[in-house]
Amino acid sequence: MPLTLAVIGEENMIRKVSGKPEVRAHLENLGFVPGGSITVVSTMGGNLIVNVKDSRVAISREMAGKIMVQASTENQEETV
């Protein structure tokens with residue numbers, strides 16, 4: 001699912017970063033790499049604030065739509 005659909009406060013794993021090569025390179029430089037952990041902290045005015053690689057980053061909804069994530073199930077399985 002795209003990052004724009006992620007639940008606030010839930011940890012997710014980055015599966016894929018799409019877009020033009022320069023956009024992908026920019027996102028990778030910010031820490032958005034496949035296999036990495038990402039958490040949406042909040043949304044404000046259509047933009048997302050996320051925790052990635054121990055940093056908070058604000059990205060546009062358009063940019064967030066290029067980041068495909070998967071909800072981390074390890075945390076859910078441990079609580080069952």
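Contact here means heavy atoms within 4.5 Å.

## Basis of the model

This is a predicted model, in which local features need pLDDT of at least 70 and side-chain atom pairs count only at pLDDT 80 or more, while totals for chains, interfaces and linings use all residues. Residues are numbered from 1 along each chain as its sequence is written, and side-chain values use heavy atoms, with hydrogens and water left out.

## The sheet

An open sheet is formed by five strands in the order S4-S3-S2-S1-S5, with antiparallel pairing. Strands (E, at least two residues) and helices (H or I, at least four residues) are DSSP runs numbered from the N terminus, and two strands pair if DSSP finds at least two bridges between them. Strand S4 (55-59) and strand S5 (67-71) are the edge strands, each pairing on one side only.

Strand S1 (residues 11-17) runs antiparallel to S5 and is joined to S5 by five bridges. Within S5, Met 68 is the bridge partner of Lys 16.

## Val 17

Val 17 belongs to strand S1. This residue is buried, at 8% relative accessible area; buried means under 20%, exposed over 50% and partly exposed in between (1.4 Å probe, protein chains only).

Apart from neighbours within four places in sequence, Val 17 contacts Arg 24, Leu 27, Phe 32 and Lys 66. Val 17 and Lys 66 are 49 residues apart along the chain, yet their C-alpha atoms are separated by 5.8 Å.

## Ser 72

Ser 72 sits in the loop between S5 and helix H3 (74-79). Ser 72 counts as buried because its relative accessibility is 11%. Neighbours within four places in sequence aside, Ser 72 is in contact with Glu 11, Asn 12 and Met 13.
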